[in-house]
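Work through the exercises below with the sequence and the model at hand. Each task is followed by a solution in steps.

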Amino acid sequence: WELLASDCLNMLGKVYYNQSSYDTALNYLTEALAIHKALGDQKRLGRSHFDVGRVYLHRGNNQKALGLFEQGLAISKSIGDEKNLIRGYNDIAIVYGGLRDLATASDYFNKALVLAERTQILDGLSQTYMNLAVLYNIKRDYKLSKEYRIKALEISVKQNDRINIGIHLNSLGQLANNQGNIEKSLIYYDSAIVLFDALGHDYH
């Protein structure tokens, strides 16, 4: 029953995290982590470190987040959990990106990319492509940014993930606008708006 309780706590934490209620999310996710540690469930423990780390990241505590991500990565490595390894590399890269250490961020994103492409874990692959698209947009390499965004879009289409399809279309619109291609950007934006309208999302 303890595992069931920890899973419930974890899900509650994620609900509050998605609502940006970070203090409440942290309480639930930290409690779940403690149960996973007590039970010695390494897979859940590694995942919990990433979950708690993301809360700290959104609260602006980069160093705390980085420490948790590194612990989660070490646990995932020790048990060969490739899905969470991809997640860990991406999370650590995001921290370094936020710290404007783009070289280190690139190194970790590339580690995620190599593993994701080898394993063909689609969720991890899509997330890595999205993150690389953002990284190259920051670097103003719009060509590479577009290439990775389109790769992420193709996976979302394959998975019928309409929310991320809309996000990718919107991002492609921004990229086209950055490159001065207003006509193309409007096509992407219009497609995203139609999709978000169908899903009932507020895109403003």
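**Exercise 1.** Does α3 pass α5 in a left-handed or a right-handed crossing?

*Solution.* The model is a predicted one. In it, the crossing of α3 past α5 is left-handed.

**Exercise 2.** Work out how α3 and α5 are oriented relative to each other.

*Solution.* Step 1: locate the helices; α3 covers residues 42–58 and α5 covers residues 82–98. Step 2: take their axes, which come within 11 Å and cross at roughly 20°. Step 3: apply the cut-off, by which angles under 35 degrees count as roughly parallel. The two helices, α3 and α5, are therefore roughly parallel to each other.

**Exercise 3.** List the residues through which α3 and α5 meet, then sort them by class.

*Solution.* Step 1: on the α3 side, the residues are Lys43, Arg47, Phe50, Asp51, Arg54 and Leu57. Step 2: on the α5 side, they are Asn84, Arg87, Gly88, Asp91, Ile94 and Val95. Step 3: sorted by class, this contact of α3 with α5 holds 6 charged, 4 nonpolar and 2 polar residues.

**Exercise 4.** Describe the largest pocket and its lining.

*Solution.* Step 1: the volume of the largest pocket is about 720 Å³. Step 2: its lining consists of 26 residues, and those nearest the centre are Arg54, Arg87, Asp91, Asp123 and Gln127. Step 3: assign the lining to helices; α1 (2–18), α3, α5 and α7 (122–138) each supply at least two residues. Of the contributions, that of α5 is the most, at 7 residues. Step 4: by class, the lining of the largest pocket has 10 charged, 10 polar and 6 nonpolar residues.

Definitions and conventions. Residues are numbered from 1 along each chain as its sequence is written. This is a predicted model: local features need pLDDT of at least 70, side-chain atom pairs count only at pLDDT 80 or more; totals for chains, interfaces and linings use all residues. Side-chain values use heavy atoms; hydrogens and water are left out. Axes are lines fitted to C-alpha atoms, for helices over the stretch in contact, and angles run from 0 to 180 degrees between N-to-C directions. Helices (H or I, at least four residues) and strands (E, at least two) are DSSP runs, numbered from the N terminus. Angles under 35 degrees count as roughly parallel, over 145 as roughly antiparallel, 65 to 115 as roughly perpendicular and the rest as oblique. A crossing is left-handed if the near helix is turned anticlockwise from the far one by less than a right angle, and right-handed if clockwise. Contact means heavy atoms within 4.5 Å. Ala, Val, Leu, Ile, Met, Phe, Trp, Tyr, Cys and Pro count as nonpolar, Asp, Glu, Lys and Arg as charged, and the others, Gly among them, as polar. On a 1 Å grid over the protein atoms alone, a cavity is a set of points where a 1.4 Å probe fits but cannot get out, and a pocket is an open set with protein on both sides within 12 Å along at least five of seven lines; lining residues have an atom within 4 Å of a point. Grid points are joined across faces, edges and corners, and a volume is the space filled by probe spheres set on the points.
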